[in-house]
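Here are a few notes from my pass through the model. Have a look alongside the sequence and see what you make of them.

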Amino acid sequence: MLSYIRRHLGIKLFISYLTVILVGVIVLATTAEFVVPSAFDRHLAAMSAMMSPMMGDSTNNLELDLFNNFRAAVTEAMILAALASSVVAVLVSLLVSRQVVAPVREMMLASQRISEGHYNERVQVPGDVSKDELDELSQLALRFNRMAASLEQTEVIRRQLIADVTHELRTPLTAVKGSMEGLIDGVLPADEGTFQQIISEAERLQRLVNDLQELSRVEAGAYELNIHSYRVSDLLAAAEARLGRQFEEKGVTLEIALPNDLPQVLADEDRIGQVLLNLVGNALQYTPPGGKVQVTAADQRDEVYIAVSDNGMGIPAEHLPHLFTRFYRVDKSRSRAGGGSGIGLTIVKILVEAQGGSIWTQSEGAGRGSTFTFSLPTAR
Ligand code: ADP
């Protein structure tokens, strides 16, 4: 019995109403028993003092009758009041139970269904009331639905990620397996070219795994940001030092043109280095020999815009909105052959935003170069 009560909010509410009524009745009964008679006596004594000269001895009998009748009337009234309030308690507790217990129960069942994997489960929220006018329970329901939606979204991303990773791993694995079988069957010659092909597929797998590891790290925010003020020229010099040789080898010009009065920026040196290496590296990768990559910067009040432009292969307009989505590549086969996993820009966006900036892309279209611009807060 006790455990049944403990498990049911509606019964607890009903019992608390009954307790309040019981306490009220006890207080009333005690008052009627102890306080009312003495008060009544006092008033009656004052009255009989006035009436005795007129009524003589019969005053005492009248007093007793009056007192007994008054007590009977009080007891009757109290029984009626207790009955009426008990009926009201039952009705009110039924109503409150419906209003309080039903939504709580609905949320309990919904959370149970969500924990079983039904992420599309939602609870009812009054639709005809504005958000500010919702009571605590409806607010809870609203937040519950938001939590369910975000869980659903996470689940969709997780499934998509597994599908993407599986797809990305399959291609190089199939190539390695094919080459190995070719070697065993004697279809492929056991020469340097074949082995080199196998190594380059293995390297691609390695890059993909490294990129995925880095992506999961930055997505989870599992890194520390050490924000300090830096001169943009110093940040760029580090990237230039790392990539300069590759530019020379490919025959692409790297030009850095910064205004003299550029304010310092607030950034994490390592993370912004990663961003620049990625953007300048991409510009180099997607620009043919003889082309040019230019890095410029502009003071925009509270921010500095840093732009990496190239006159390479460009990006058709329909691809621009998707570039920062993981595994997205404009030219799947070409980019893959070049080793791209389509994760670099996703990481870049997360890192730029973590440092208080944003990033966007412009391109006049295929063959007409592209510009990647990101902003950083100034240190003023
Ligand atoms: P990837 O490792 O494939 O380069 P990214 O996320 O860095 O992955 O880039 C995503 C895609 O955006 C690339 O596959 C490429 O199609 C396109 N892209 C990025 N930078 C440039 C650029 N400078 N010029 C043309 N296309 C680019």
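1. R301 sits in the loop between β4 (292–300) and β5 (303–310); helices (H or I, at least four residues) and strands (E, at least two) are DSSP runs, numbered from the N terminus. Its phi is near 60°, a positive value in a residue other than glycine. R301 is exposed, at 71% relative accessible area (buried is under 20%, exposed over 50%, partly exposed in between, with a 1.4 Å probe and protein chains only).

2. A caution: this is a predicted model, where local features need pLDDT of at least 70, side-chain atom pairs count only at pLDDT 80 or more, and totals for chains, interfaces and linings use all residues. Residues are numbered from 1 along each chain as its sequence is written, and side-chain values use heavy atoms, leaving out hydrogens and water.

3. F327 also deserves a look: phi is positive, about 70°, although F327 is not a glycine. This residue is in the loop between β5 and α8 (332–337), and it is buried, with a relative accessible area of 8%.

4. On to helix α9 (residues 344–354), whose buried residues are G344, L345, T346, I347, V348, L351 and V352. Their cover includes α5 (192–219), α7 (269–285), β6 (359–363) and β7 (370–377), with contact meaning heavy atoms within 4.5 Å. After α9 comes G356, with a positive phi near 90°.

5. How many aromatic pairs does the structure hold? One. The ring centres of Y305 and W360 are 5.1 Å apart and the planes at 80°, so the pair is edge-to-face (centres within 6.5 Å; planes under 30 degrees apart are stacked, over 60 edge-to-face, the rest tilted). Y305 is in strand β5 and W360 in strand β6, so the pair ties together parts 55 residues apart in sequence. Y305 is partly exposed at 27% relative accessibility, and W360 is partly exposed at 28%.

Terms used
Phe/Tyr/Trp six-rings, centres within 6.5 Å; stacked < 30°, edge-to-face > 60°.
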